[in-house]
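Hello,

Here is the structure we talked about. My notes follow below it.

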Amino acid sequence: MKGPDVVVVGGGVIGTAVTYYLAKQGADVLLLERAELGGETSSACDGFVILQSKSPGVHLALALASAELYRGLADELDWDIEYRNCGGLIVIEREEELPAMRTFMAKQQAIGLDVRLLLGDEVRRLEPALAPHIVGATYSPQDSQVNPLQVVLGFAQAARRLGARVRQGVPLQTLRRAGARVSAVVAGGEEIPAGAVVLCTGVFTPELLTPLGVELPLRPRRGQLVVTEPAPPLVHHIFLCARYIAAKYHPELLAAAEDEALRLGVGLALEQTGSGGFLIGSTREFVGWDKRTTPLGIREIVRHATRILPALAQLNAIRTFAGLRPYTPDGLPFLGPVPGWENLYIAAGHEGDGIALAPITGRLMAELILTGRTSFPLTDFAVDRFARGKDQGGQLKVTP
Ligand SMILES: Cc1cc2nc3c(=O)[nH]c(=O)nc-3n(C[C@H](O)[C@H](O)[C@H](O)COP(=O)(O)OP(=O)(O)OC[C@H]3O[C@@H](n4cnc5c(N)ncnc54)[C@H](O)[C@@H]3O)c2cc1C
């Protein structure tokens, strides 16, 4: 019996993007989601398509390519993903942070990002609600936002229109092996022959690989968020703060900090949503699979946000929630074939950037699986990069 050309496992933003771009290239695709589409990290997050937060280098180059795809995506999918090219600010609270932010910005400019430094009242003219102590901000008009769940649903719906089958409530249980190939997947008790399999299973990817003897340095990193009641328009851009950048890329600097907020990795991520409510984050914590919010985490997020935007103190918080970012030691996702296998691929480990990187991830994985070549080099994202000596605290071991 002939099965689909490709089985995509996981119906988050990455799996639905991969499914859509494969179907767009004419492949016969089956997406298997064990629960419901977007039910895990892709609905427990912000919707920043922010370029300024990306590490200058391949990370930013990939994000720029993805942002370009986002421009026409709502029309292409024929779905309202609530895309808004609103521009973004990384707020700088302390003079001491200025030199590092200038350097970060100069490297981003060299890669082609339109980003500039606004000092003192220049930034308050753009956003009058900012506190008087804010010394400046880097500003990029290229930063945008979307509704992450609508992106998931839009990709899935457009893929279905192109002939893809999307099955929810069907967990992948086992991969059947024939030599160096996956011959079939066992899912929901059914054996389905597969031409190729791509795991887009976010933080859950290691649990599927361990039985194959592959250990992937990918682990959950919790982010807590606060939602406020609706309010009249107060801000016009999306916001991060300079400390967010430190929390994201240098967790080792924060672990020993005396300040409680720093130890929790609190960095501002703030947007006023279409309904008028604020979505305010977030922490960066290694606490295993615990998706609860904590009084301490929420208190520190609120304390930090109200210091930067004092008017927020007038609003009531109406909800809190947390999601698990798929963290990798170098901040880059795993995109490519699993070593030792000819037709098994991974697209996972996008940490706090999966929404922003979903379109380009989908397109490149479709190119790789269907043609063996990609329009953007994937060497830096190789699944076995840690095993090949790039020791950043993680190891990928492949055993026969
Ligand atoms: C607090 C927070 C804020 C964030 N903010 C942003 C942001 O502003 N911008 C941004 O770009 N990114 C952001 N992110 C990161 C982004 O949310 C993630 O990178 C992205 O959602 C990961 O998507 P994914 O599809 O890989 O994983 P998921 O959304 O977790 O999807 C994986 C899917 O696989 C399914 N699955 C697992 N095992 C199996 C199995 N055996 N069989 C079948 N299905 C299976 C799961 O049920 C799940 O639906 C944020 C994350 C957090 C936590």
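**Strand pair, sheet, helices and domains**

Valine 198 stands opposite tyrosine 345 in β20. The model is predicted: local features need pLDDT of at least 70, side-chain atom pairs count only at pLDDT 80 or more, and totals for chains, interfaces and linings use all residues. Residue numbers start from 1 along each chain as its sequence is written.

Strand β12 (residues 196-199) pairs with strand β20 (residues 344-348) in the parallel sense, over 3 bridges. Strands here are DSSP runs (E, at least two residues), and helices are DSSP runs too (H or I, at least four), both numbered from the N terminus. Two strands pair if DSSP finds at least two bridges between them.

Both strands belong to an open sheet of 6 strands with mixed pairing, in the order β8-β2-β1-β12-β20-β19. β8 (165-168) and β19 (334-337) are at the edges with a single partner strand each, so one side of each has no neighbour in the sheet.

The axes of helix α2 (residues 58-71) and helix α12 (residues 354-371) come within 7 Å and cross at roughly 90°. Axes are lines fitted to C-alpha atoms, for helices over the stretch in contact, with angles from 0 to 180 degrees between N-to-C directions. α2 is therefore roughly perpendicular to α12 (angles under 35 degrees count as roughly parallel, over 145 as roughly antiparallel, 65 to 115 as roughly perpendicular, the rest as oblique).

Finally, the chain is divided into domain 1 (6-44 + 149-213 + 330-398) and domain 2 (88-141 + 219-326), with bounds from an automatic or database domain assignment. Their C-alpha centres lie 30 Å apart.

Regards
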